[in-house]
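Hi,

Here is the structure I promised to send over.

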Amino acid sequence: MSFSDHFSAVAADYAAARPEYPPALFDWIASIAPARGLCWEAGCGSGQATRDLARRFDRVHASDPSTAQIAQAPKLANVDFVVEPGERCALPDASADAACVAQALHWFDRPAYFAEVARVLKPGGVLVAWGYQDIVVPPMLEAVNDAFQSMILPYWPPEREDINAAYAGYAWPFPAIEVPEFHLSVEWPLARMLGYFSSYSASKRYREATGVDAVATVRQQFESAWGDAPMQQLHWPLFVHAFRKQY
């Protein structure tokens, strides 16, 4: 099955630069699952969410269609990292307590994925999908960040609009579960933030289209605006959707 491969070429940057999700999110997922036996994480990338799921479930089946992304994943004793599309999973019927997707559902053939989730989840199992929107930077960085984001805006794949809309309008397969509020915030040095920008699919497409590294063109402006502080507080609006299979 073909897939939109925007990250294999920047897999190492992606693994190094993406933010960590709040531990409270994974505690909550474990608390609503019928058991903590098996979690299927589709679109796992290089394992940003997998590590935390593995701390809460006995076993995690973590799948991604990108061999390059899977190659960047950590070695975890209770995780099977496999190269598979999200729409087709090797797990048996009614075997998983939870199915999770972190910042990836907008790339999937959703009807096919939802059908596979319905097959793989146990009765009472939960589907949890989440993502985060544009970075929120401190006031002194806003002008240069706005300029950078405007530069790469035309190069985002169309699926980015689903992130901007927080997955509104999706035809979810099960009844919804009420979700508490979660926050995604970090303290990063400038180099980590610029690495994160380089991992954008839009940054990759900009380089391919123009031959110019968009992040490199604004590096000096970011350095000037950053000031003397070694770290800055950064934030992303985080949205979470959760659903329970009834039978």
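**How α6 and α10 pack**

The axes of α6 and α10 cross at roughly 170° and come within 10 Å (axes are lines fitted to C-alpha atoms, for helices over the stretch in contact, with angles from 0 to 180 degrees between N-to-C directions). The two helices are therefore roughly antiparallel to each other, a label for angles over 145 degrees. On the α6 side the contact (heavy atoms within 4.5 Å) involves Val-144, Asn-145, Phe-148, Met-151 and Ile-152; residues from α10 include Val-215, Val-218 and Phe-222.

Before going on: this is a predicted model, where local features need pLDDT of at least 70 and side-chain atom pairs count only at pLDDT 80 or more, while totals for chains, interfaces and linings use all residues. Residues are numbered from 1 along each chain as its sequence is written, and side-chain values use heavy atoms, leaving out hydrogens and water.

**More on α10**

Helices here are DSSP runs (H or I, at least four residues), numbered from the N terminus. α10 covers residues 214-226. Its buried residues (under 20% relative accessible area, 1.4 Å probe, protein chains only) are Ala-214, Val-215, Val-218, Phe-222 and Trp-226. Among the elements covering them are α6, α8 and α9. At the start of the helix, a side-chain oxygen of Asp-213 gets to within 2.9 Å of the backbone nitrogen of Val-215. After α10 comes Gly-227, with a positive phi near 85°.

**Elsewhere**

Gln-48 counts as buried, at 6% relative accessibility.

Cheers

Note on methods. The expected span of a helix is 1.5 Å times one less than its number of residues. Buried means under 20% relative accessible area, exposed over 50%, partly exposed in between (1.4 Å probe, protein chains only). A polar contact is a pair of N or O atoms within 3.5 Å; within protein, one must be able to donate a hydrogen and the other to accept it, and residues adjacent in sequence count only if both atoms are side-chain atoms. Angles under 35 degrees count as roughly parallel, over 145 as roughly antiparallel, 65 to 115 as roughly perpendicular and the rest as oblique.
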